[in-house]
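Please look over the sequence and the structure below before reading on.

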Amino acid sequence: MPAKDDDRSTPPPLPEPLAVAVADSHTHLDMQAGTPAEGLARAASVGVTTVVQVGCDVPGSRWAAELAARYEQVHAAVALHPNEAPRIFLGDPDGWSGQQRPAGGQAALDEALAEIDALAALPQVLAVGETGLDYFRTGPEGVEIQKESFRRHIEMAKRHGKALVIHDRDAHEDVIAVLLAEVAPERTIFHCYSGDAEMAKVCAEHGWYLSFAGPVTFKANQPLRDALLATPLDRVLVETDAPFLTPHPYRGRPNAPYLIPVTVRSMAATLGLHEDELSAAIAENTARAFGY
């Protein structure tokens, strides 16, 4: 029996194409069904002509750099995810992407960061990230390790002249404190922004970019829409974080870059803008933020 259109395992249908092409500023094609070529073709068919492929560990960052070298419309971001740094340091085998894990400790973390540093120097790698702090999955024993990794990624981004992509989960105040203490690069991007309007104003004061994902479309997330309204238009980006965070009305089903138009149209409605005007701003902002 064929799957129903609302089956949670069924990919959502293609939305109406955007008239003005935009970029998906944060996606994980390596975690999505089908080949990257198929995913990029679907995205392009609805006006999503550029994607930033984000690595979360050493193998994933290598993959991102290799993909970006093959496809002109793909740019790479490389990093150890905030949850990955404590795993490496503490020798936790979870999440090592099937690769043999080092024994742990400072030497293992240094080795992994050295590999990220080498990847960050490549021309097709336009950003260091996603890095930052995540207090949702990592306990107190991992906080200082996360902060050390975060500081080292910031230094790396500045030294290589690359954008910095921030992962911030349940750690708003500490993320901002580290960014200010370390003098964050001018091109700093909050991936899947989750703060409130007041935090958005703080980010705007420092010229940081805020990238909005599927949750901005969820009915219960009015505070996130308020944050979007508080963000200067020239600092607004959009992303999928696919395969996660699928926008309404497809929440819970597989996400992919081709669903960016759904989020863009929801954002345009919130801002009271025509979707073409918002798309044009997003396209310009993304190119400026990542330097392409």
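## Cysteines, strands and cores

The sulfur of Cys 192 lies 12 Å from the closest cysteine sulfur, that of Cys 56, which is too far for a bond. A disulfide here is a pair of cysteine sulfur atoms within 2.5 Å. By this rule the count is zero disulfides, and Cys 56 is in none.

This is a predicted model, in which local features need pLDDT of at least 70 and side-chain atom pairs count only at pLDDT 80 or more, while totals for chains, interfaces and linings use all residues. Residues are numbered from 1 along each chain as its sequence is written, and side-chain values use heavy atoms, with hydrogens and water left out.

Buried means under 20% relative accessible area, exposed over 50%, and partly exposed in between (1.4 Å probe, protein chains only).

| Cysteine | Relative accessible area | Class |
|---|---|---|
| Cys 56 | 16% | buried |
| Cys 192 | 16% | buried |

Next come the strands. Helices (H or I, at least four residues) and strands (E, at least two) are DSSP runs, numbered from the N terminus. Two strands pair if DSSP finds at least two bridges between them. Strand E6 (residues 188-190) runs parallel to E7, joined by two bridges; Phe 190 has Leu 210 of E7 as its bridge partner. E7 also pairs with strand E8 (residues 236-238), in the parallel sense and over three bridges. There, Leu 210 has Val 236 of E8 as its bridge partner.

The chain crosses from E7 through helix H8 (residues 222-230) to E8 in a right-handed β-α-β crossover. Right-handed means that, with the strands pointing away from the viewer, the path from the first strand over the helix to the second runs clockwise. E6, helix H7 (residues 197-205) and E7 also make a right-handed β-α-β unit.

Which way do the residues of strand E7 (residues 209-212) point? Tyr 209 and Ser 211 point one way, Leu 210 and Phe 212 the other, and all are buried.

A nonpolar core is a set of buried Ala, Val, Leu, Ile, Met, Phe, Trp, Tyr and Cys residues joined through side-chain atoms within 4.5 Å. The largest one has 67 residues, and Leu 179, Phe 190, Tyr 193 and Phe 212 have the most contacts inside it. Helix H4 (residues 106-120) gives the most to this core, seven residues. A second, separate core of 12 residues includes Val 54, Ala 127, Ile 189 and Phe 290.
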